[in-house]
Amino acid sequence: MAIISKPRLFKDQRVKHLAQVYATNRPLVQRGLTVGFVLYVLTAAYRGLFARQVSRRRDEGKDAARKDGKSARVAVDAIFYQRLGIILRIVIPSMRSKEALLLVMHSSLLIFRTAISLYVAALDGKIVASLVRGESLQFLLNIIRWLLVAIPATWTNSWLSYVQNKLALAYRTRLTKEVLTQYLGDEVDGPDGKVYYKLSNLDDCIKNPDQMITHDIQRFSTHLAAIYANLAKPILDVILYNYQLSQNVGAEGLVLLTVLVQTSAALLRALTPSFGTYTAQSAALAGSLRHTHSRLSEFAEEIAFFGGEETEKRLIEQEYAALVQHEQGVMNKRWWYGCAEEGIVKWLWGSFGLVVCAIPVFFKLPGLSNFDLGSRTEGFVTNRRLLLSSSDAIGRVMYSYKDLAELAGYTSRVSLLLDTMSDMRKGRFEKALVSGATEGENGKILRGRGQVLLSDDIQFDNVPIVTPNGDILLRNLTFNVKPGEHLLIVGPNGAGKSSLFRILGGLWPVYGGIVRKPHASDFMLIPQRPYLSLGTLRDQVIYPHSQQDMEASGVTDANLIEVLERVQMESIVEREGGWDVTREWRDALSGGDKQKIAWARLFYHRPKYAILDEATSLVPPDMEGTMMEQATALGITLLTVSHRPSLWKYHSTILQLDGQGGYIFTKLDAERRLALQEEKQELETKLLEM
């Protein structure tokens, strides 16, 4: 027995000695554990949120989204933070900006609210302790303190909500201004500019930019403003609440609690679905459904004539069914994830916390003393309140990853819009091409790029006319037009007449040869169905000028009346109720009046060149002759597409396209051509009579 008990005695003495050493140095150990805990929280937060590196290119998500029409997986990874960093430089341009000041104010309010929560936790314990001890006066004083602290608490909470909403609005304003600057920016040089047109006509990447600019930017801004509070505040709360908790129950319990929480959090993280991908897919499907509805409104007349209601209904129902199926799948995943999340965060972590709170009651820790029942009750209530707040903060950190994943989804959408617009400005397009477009000689033409030079004349030198989908209409068009030499362009549909005008307007890229032309602002287009903007009657005549631009150029309403007299429409001002009346002008005016308004717009601006695409098809023949003569008198060179022989005499050259890739450019002898036309019609009439 003596042989066995001697080692035991030695071991007991050694344990007792270690306990004494630990008790003596416990304050230092406590500080070390607390500092280690703070560093661990910060490191874990950084590693979990900012250190997920992947080796992928910045635009891989964009490229993947284009393949097979499938959405690329969106995750909280390095690509997300790279995209977010680019957008943050837009919404917070400098440290002295309004947005930066709002962030500082928001941060100050978050810290102040945490300080109030710590005070309330201690006050909670004192109120319960005074109840247990039966100290009525102390209880009333504590209630008064509770009511007094409610004043700054409610003030702080209201201000937090207000500042967060202001921050979201400021983010949205900055981002919308930047997007609209690129989306509606003027053409500068080369392919830069006219992005709104190129997104719709030259590129297939984005089908619904309107939804991205309105809905997606709004959702992104709201999530970005909320994510700061959902991340910074919980991390700060975890540190401060657990620090105070370690002072009450000891850092040892804090370390034990951290190990248990992190183990279960790792399990929860492994069960978390890819909410970022789901958010991006939901936005894309909702945009596709909206696009399908907008097509129904845009082509309502054609659909009505064809009786295509059932087909359109089926298409809309297919889009809606895809959206509902996706949302149902997301709801199912959110359901079981919510069960796992609440079970771990609320109940499992709650049981861990109760065990930690009970440590000072059942165990005598060095440096901590158990006094009377009131003191133990006060300590337990305070620690319980701190633990609940800490548990809630840890839960919000966990929830914030889900919010961050949703932010990643909206970030990918906004980034796709910005990246695609950047590509448009650089002349890079992704468009589905016709069969054989990239093969042989066709592929060589599509891979080429021509030159666009500024000149007073219009000159095409071996320029191919290529549609956005790669259909080559003309391989090497050559012609020239000098100021005052009016050009008539004729040919069948699809021969390239409108395509030629789009190149002159800088809307389509040049795939080869040399184009010499004036600046795009020296051209004005009058189509068969003129565009009438939202606004007053005055705005229709001076578009795209504003009233301020008109007045700055020295033009008055009396001058506008003179312009309307040129097209015999001066009575419209009195008829419609004055210059400042606002209507839906595309419905209020007849087709002929719309064309006259477009000609009045031409006479107001007096550009060097006018592109007339069946621009007189709805006005009387005598009126079209008058307008042609007045345009010529104002020094406007006419580039006309028309099938009316009555207009031939106003042109000196003709470009005739045969629709098979050939063309003839020559001087126009209007009288001889009219004679031949009449002879042709006589022969056709005789053939019909036979």
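Throughout this tour, contact means heavy atoms within 4.5 Å. Residues are numbered from 1 along each chain as its sequence is written, and side-chain values use heavy atoms, with hydrogens and water left out. This is a predicted model, in which local features need pLDDT of at least 70 and side-chain atom pairs count only at pLDDT 80 or more, while totals for chains, interfaces and linings use all residues.

**Colour by confidence**

Start with pLDDT, the predictor's confidence in each residue, from 0 to 100. The protein averages 79, and 76% of the residues score at least 70. Now select residues 51–70: pLDDT stays under 50 here, and the model has 37 contacts for this stretch beyond four places in sequence. Where pLDDT is low, the predicted coordinates should not be read in detail.

**A pair of helices**

Next, show α4 (residues 78–91) with α6 (residues 136–183). Helices (H or I, at least four residues) and strands (E, at least two) are DSSP runs, numbered from the N terminus. The two helices pack at an angle of about 100°, and their axes are 8 Å apart. Axes are lines fitted to C-alpha atoms, for helices over the stretch in contact, with angles from 0 to 180 degrees between N-to-C directions. α4 and α6 are therefore roughly perpendicular, a label for angles of 65 to 115 degrees. Display the side chains: I87, I90 and V91 from α4 meet Y171, R174, L175 and E178 from α6.

**A glutamate in α13**

Move on to E406, which sits in helix α13 (residues 373–425). Is E406 buried or exposed? E406 is buried, with a relative accessible area of 15%; buried means under 20%, exposed over 50% and partly exposed in between (1.4 Å probe, protein chains only). Leaving aside neighbours within four places in sequence, E406 is in contact with H223, F275, G276, T279 and R334. Draw a distance to R334: a polar contact of 2.9 Å joins the two side chains. Such a contact is a pair of N or O atoms within 3.5 Å; within protein, one must be able to donate a hydrogen and the other to accept it, and residues adjacent in sequence count only if both atoms are side-chain atoms.

**Backbone stops**

Select N462 in strand β2 (residues 458–466). N462 is not a glycine, yet has a positive phi of about 55°, and is partly exposed at 43%. Finish at P544, in the loop between α16 (537–542) and α17 (547–552): a cis peptide bond joins Y543 and P544, with omega about 5°.

Methods:
Angles under 35 degrees count as roughly parallel, over 145 as roughly antiparallel, 65 to 115 as roughly perpendicular and the rest as oblique.
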